[in-house]
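This report covers helix packing, aromatic pairs and a few individual residues. Please read it alongside the sequence and coordinates.

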Amino acid sequence: MLRANTDGSTVRLKDVARIELGGQGYSTYARLNGKPSTGIGVQLSNSGNALAAATAVKERMLELKRFFPQGVIYEIPYDSSKFVDISISQVVQTLVEAIILVFLVMYLFLQNWRYTLIPTLVVPVALLGTFAVMLGMGYSINVLTLFGMVLAIGILVDDAIVVVENVERIMSEEGLSPREATRKAMSQISGAIIGITVVLIAVFVPMAFFAGSVGNIYRQFSLAMVASMGLSALMALTLTPALCATLLKPVEAGHHHAKRGFFGWFNRGFARTAKGYEGWVAKLLKRSSSMLVAFVAIVAVVGWLYMRLPTSFLPNEDQGYLIVNVQLPPGATANRTEQAVKAVEDFMLKQPEVQSTIGVIGFSFSGQGQNAALVFVPLKPWSERKKPENSASALAQRAFGAMMMTVRDAFIYPLSPPPIPELGTATGFALRLQDRGGLGHEALLAARNQLMGMASQSKLITGMRPDGLEDAPQLQIDIDRNKANALGVGYDAIAAVLGTQLGSAYVNDFPNQGRLQRVVVQADAKDRMQPDDLLRLNVSNAQGKSVPLSAFATTRWISGQMQATRYNGYPAMRLAGDAAPGASTGAAMAELEKMVAQLPAGIGYEWTGLSREEKLSGAQATVLLVFSLLAVFLCLAALYESWSIPVAVLLVVPLGILGAVLGATLRGMPNDVYFKVGLITIIGLSAKNAILIIEFAKDLQAQGKGLIEAILEACHLRFRPIIMTSMAFILGVTPLFFASGAGSASQRAIGTGVLSGMLTATFLAVLFVPVFFLVVRRIFKGSERQRRLDAHEIEAPAVAEVQGGKLQ
């Protein structure tokens, strides 16, 4: 927000579609650090950019500053765009770290700056191309698209690594020139590169077709990944071979293992590891039945762990501020509300994490009224709050307990803002309790109180609260229609008098000292304070005579609704709460659903905001995984003209999912949207490792080698590039796994799944993929045409020539 001081008043700017004014004398008024103030709030439009809007507002305030009266200054104590700015900066830093780590992995294996430079050059070219695609599609650089870029870094270099590694291997083993080695290498691996690219693109494409908020998140990941993968393959088939043929220098056969020092030790060690791996594969191929039993057990464990994962929508982020919702009992005066707000401000300003406080009295998330208030609490920068106990959520829990003890006549709830600003007002869940049976307001209120009583006893739910204004005392005027008709008083006249005297009525305008002023009629405050004052009001009857209200009306006090809430056509009560520490929102929502089932018949419920999106995302997860697997299967079947090879490739997917689920379980993370994105990524990467082995094995078998001999040679040839590309990806996402600071919860959520999944997808796949291919090939022999196609004996049909009007 923005503030300007003059004689104790304040102007504030909150994030630019709607501007709201507030200050002393308004129905709502503000406080800054405990002092009365005036405020301006600016709301971002639906299509606006938070950073651009904040910059434009600050620039405009600098322009307007010249016209301020003497002594007027302005400040910005609350600016929600800071979180967006620093989150993007953090992801960019992660992107740079990922590029450096990937470079180091390539240098470790290739041990030559020329070999390492070629894949490194592919990264900026592919990223620039991806930015161009996103610009053309109307997307901006934001946290989600940058997440996609970080994930893509490790995959971008995969194709280039495969090319460079194969060229280097051929040069080292056969002593060919760079140009000849490149030609031979490309003839061997072009099919694998195309297959890997088709799989990775196919696995992300279904994400782009989901609707709703979840679809918007998926779509940005999908676009970033598909664009970068396509450009990576294009570079691997064009730029990378050209660079290999021009930058690399001829080497003698066997030079790679003749090195001394660290690299020589590493090469010899890796060679021993590769030999040991080949020995293990040879033994496991003889025990294929046992391996299949082990695979079935792994699938069962994956299913069991996946079903046990707690569910959520998005991780709760420390966005650099809290919002304290203050609600006093019905009928509480503005002075009592101000005292409660002052108590909140005094407590918050004493906390080491708090930078300032901004109080707004007159409305809250529950509604408007003199008994409602909000306190915005901007926190100090994340660099000064590195410990877990200094986080926004820790401060909210600490403040909730303290406020309940010190301010006993108010309901005070410190809240963290939701991950998506427009979906709700706080983290946790949002429920609408509905009267679907026409039971009435009293029955709905009793059901709400019963539900809150049950929730207070649950170990999975905390902070359960009504998210609306409570029923309050109201003065009801009963009109005796018979007496009013006898006296000639019409109902419209009664309504006009009550509306004018209690509210106000505009009469006209009149000029006064060069200014046009309005005439507004209303009863004086002292003449509308008591019920008897209303009965003394006079109403004109049909004859133009004045008749007091007391002649045909009486008054009585009742308790009535301050809000009439309806949700999807039913009378409803708004409820909100959060999951208890250590529990997920999915578990808390499931617990609430069981409680609602115990309420009287006719009482229903619906989720809204983030809770509704969480339910939708959970229901869509299975569909997303099935469509991604189906897309990969069909693309591989079309590419290889075989139904059996895709089966051998896709059998490896559960091995990657095992690591993702284990990683999330060990770190106590839920199955949220980012975890699902990680699962989709792991499906593609698991298939990639399988393709590298199976592509070579099927070609070698088609050339006349025995099935086991072909598998062993493929494992020998592809072990090094599989380990290289996998390590490049793993280290590329390591900064996400260990992220801290602004936006770190989202980074850790996606980094945990992909890193853990890639570990198992690599180290288990190199053992299981040969067995899968062996079993599939024994069951499905393949046709002669398929063998000739794999052996590259079938050439493209010749173009028919037309001579003299006849086909030749």
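The model is predicted, so local features need pLDDT of at least 70 and side-chain atom pairs count only at pLDDT 80 or more, while totals for chains, interfaces and linings use all residues. Residues are numbered from 1 along each chain as its sequence is written, and side-chain values use heavy atoms, with hydrogens and water left out.

**Helix packing**

Two packed helices are described by the angle between their axes and the distance between the axes. Axes are lines fitted to C-alpha atoms, for helices over the stretch in contact, and angles run from 0 to 180 degrees between N-to-C directions. Helices (H or I, at least four residues) and strands (E, at least two) are DSSP runs numbered from the N terminus. A crossing is left-handed if the near helix is turned anticlockwise from the far one by less than a right angle, and right-handed if clockwise.

| Helix pair | Axis distance | Angle |
|---|---|---|
| Helix 21 (residues 707-737) and helix 22 (residues 744-763) | within 8 Å | roughly 160° |
| Helix 12 (residues 441-456) and helix 16 (residues 585-596) | within 10 Å | roughly 135° |
| Helix 8 (residues 261-285) and helix 21 | 10 Å | about 140° |

The axes of helix 21 and helix 22 cross at roughly 160°. That angle makes helix 21 roughly antiparallel to helix 22 (angles under 35 degrees count as roughly parallel, over 145 as roughly antiparallel, 65 to 115 as roughly perpendicular and the rest as oblique). The crossing of helix 21 and helix 22 is left-handed. On the helix 21 side, the contact (heavy atoms within 4.5 Å) involves residues including Ile722, Ile723, Ser726, Phe729 and Phe737. From helix 22, the residues in this contact include Gln747, Arg748, Ile750, Ser756 and Leu759. The residues of the contact of helix 21 with helix 22 divide into 12 nonpolar, 7 polar and 1 charged. In this grouping Ala, Val, Leu, Ile, Met, Phe, Trp, Tyr, Cys and Pro count as nonpolar, Asp, Glu, Lys and Arg as charged, and the others, Gly among them, as polar.

Helix 21 also packs with helix 8, at an angle of about 140°, in a right-handed crossing. Among the residues making this contact are Phe270, Tyr277 and Glu278 of helix 8 and Cys715, Phe719, Arg720 and Ile723 of helix 21. The contact of helix 8 with helix 21 has 12 nonpolar, 2 polar and 2 charged residues.

For helix 12 and helix 16, the axes cross at roughly 135°. Helix 12 is therefore oblique to helix 16, and the crossing is right-handed. Leu451, Met454 and Ala455 of helix 12 meet Leu592, Met595 and Val596 of helix 16. This contact of helix 12 with helix 16 consists of 6 nonpolar residues, with no polar and no charged ones.

**Aromatic rings**

Rings of Phe, Tyr and Trp (its six-membered ring) pair if their centres lie within 6.5 Å; planes under 30 degrees apart count as stacked, over 60 as edge-to-face and the rest as tilted. The count by this rule is 12 aromatic pairs. In one of them, the ring centres of Phe429 and Trp607 are 6.3 Å apart with planes at 80°, so the pair is edge-to-face. Phe429 lies in strand 11 (residues 429-435) and Trp607 in strand 21 (residues 603-607), 178 residues apart. Both Phe429 and Trp607 are buried (under 20% relative accessible area, with exposed over 50% and partly exposed in between, using a 1.4 Å probe and protein chains only). Phe266, Phe270, Tyr277 and Phe719 form one aromatic cluster.

**Single residues**

Ser756, in helix 22, is buried at 12% relative accessibility. Leaving out residues up to four places away in sequence, Ser756 touches Gly659, Ala660, Gly663 and Phe737.

Two loop residues follow. Asp467 sits between strand 12 (461-466) and strand 13 (472-479) and is buried, with a relative accessible area of 13%. Asn568 sits between strand 19 (566-567) and strand 20 (570-579) and is exposed, with a relative accessible area of 54%. Asn568 has a positive phi of about 50° although it is not a glycine.
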